[in-house]
Amino acid sequence: MGALPPVLRTPPELFYQDEGERAVLLAVIHYLHVAIAVIWAGSTVFVGLAIWPMLARMPGQQAVALFTRLRPVVSGILGSMAGLTYLLGGFRAWLGGGVSGWGDLVAPYGLLVITAVVVMMAIESTGGRLRRQLNRLTQTPEAFVAHAAIAARRGGLIQLALLLGLLGIMVTLGLALY
């Protein structure tokens, strides 16, 4: 009996012909996942702990004008990086065999993957909530100057704490400590 037709193969096998190709594809996907995740995490921390607090210390009208211009760019970049990180991480878990079916999601590896997704969602939600809060404050430049610094610092520190937790999960997955 020959090889199964492509339609009957398990899904990951549609992407490679042999174990050598699988290893190369897995390495490339893993590299891209980590590289994009590092860009996303670094950008999130930089924006949360440097950019927004710096804006909050500027004169009212100037801060509001700059925030209004930066907000959509920051949202787009961070959202895109997070989305790519989700997709590549899921593809890596699937291609690597850690999550090859629904049942694997209740195994230790799958539970860590789910936890990582939830933590990433919390990080992105915190950033989105902060941007919405700062956007509301732009209605009155005086309110922006009075309240934006505290909100930005709090949001940035929450995101940093969540990112450190996410890093712990990734180290656990990468070192197979589960």
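## An enclosed space

This predicted model holds 1 cavity of 30 Å³ or more. The largest cavity has a volume of about 50 Å³. Its lining is made up of Thr-44, Val-47, Gly-48, Trp-52, Val-74, Leu-78, Gly-127, Leu-130, Arg-131 and Gln-159.

Helix 1 gives the largest share, with 4 residues. By class, the lining of the largest cavity splits into 5 nonpolar, 4 polar and 1 charged. Gly counts as polar in this scheme.

## An open pocket

Now turn to the largest pocket. The volume of the largest pocket is about 750 Å³. Its lining has 28 residues. His-33, Val-34, Ala-37, Leu-166 and Met-170 lie nearest the centre of the largest pocket.

Where do the lining residues come from? Helix 1, helix 2, helix 3 and helix 4 each supply at least two residues of the pocket lining. Helix 1 gives the most, with 9 residues. How do the lining residues of the largest pocket divide by class? There are 20 nonpolar, 7 polar and 1 charged residues.

## The overall build

The protein has 4 helices and 0 strands. Read along the sequence, the pattern is α-α-α-α.

How does the radius of gyration compare with that of a compact globule? A compact globule of 178 residues would have a radius of gyration near 16 Å, but this protein has 21 Å. Along the principal axes, the C-alpha atoms fill a box of roughly 75 × 30 × 25 Å. Of the 178 residues, 36% count as buried. To count as buried, a residue needs a relative accessible area under 20%.

## Helix 2

Helix 2 has 36 residues, and at 1.5 Å a residue they should span 52 Å. The end C-alpha atoms of helix 2 are 50 Å apart, so the two values agree. Helix 2 also has a kink. The kink is about 35 degrees and lies at Leu-70, shortly before the proline Pro-72. After helix 2 comes Gly-97, with a positive phi near 90 degrees.

Ala-65 is found in helix 2. Is Ala-65 buried, exposed or partly exposed? Its relative accessible area is 43%. Buried means under 20% and exposed means over 50%. Ala-65 is therefore partly exposed. Leu-55 sits 10 residues away from Ala-65 along the chain, and their C-alpha atoms are separated by 9.8 Å.

## Helix 4

Helix 4 covers residues 141-174.

Where does helix 4 bend? The bend is at His-147, and the angle is about 45 degrees. Just after helix 4, Ala-176 takes a positive phi of about 55 degrees.

## Putting it together

Helix 1 leads in both linings. Helix 1 supplies 4 residues to the largest cavity and 9 residues to the largest pocket.

Notes: Residues are numbered from 1 along each chain as its sequence is written. This is a predicted model: local features need pLDDT of at least 70, side-chain atom pairs count only at pLDDT 80 or more; totals for chains, interfaces and linings use all residues. Side-chain values use heavy atoms; hydrogens and water are left out. On a 1 Å grid over the protein atoms alone, a cavity is a set of points where a 1.4 Å probe fits but cannot get out, and a pocket is an open set with protein on both sides within 12 Å along at least five of seven lines; lining residues have an atom within 4 Å of a point. Grid points are joined across faces, edges and corners, and a volume is the space filled by probe spheres set on the points. The expected span of a helix is 1.5 Å times one less than its number of residues. The bend at a residue is the angle between axes fitted to the seven residues ending there and the seven starting there. The radius of gyration is taken over C-alpha atoms; the globule rule is 2.2 Å times the number of residues to the power 0.38. Buried means under 20% relative accessible area, exposed over 50%, partly exposed in between (1.4 Å probe, protein chains only).
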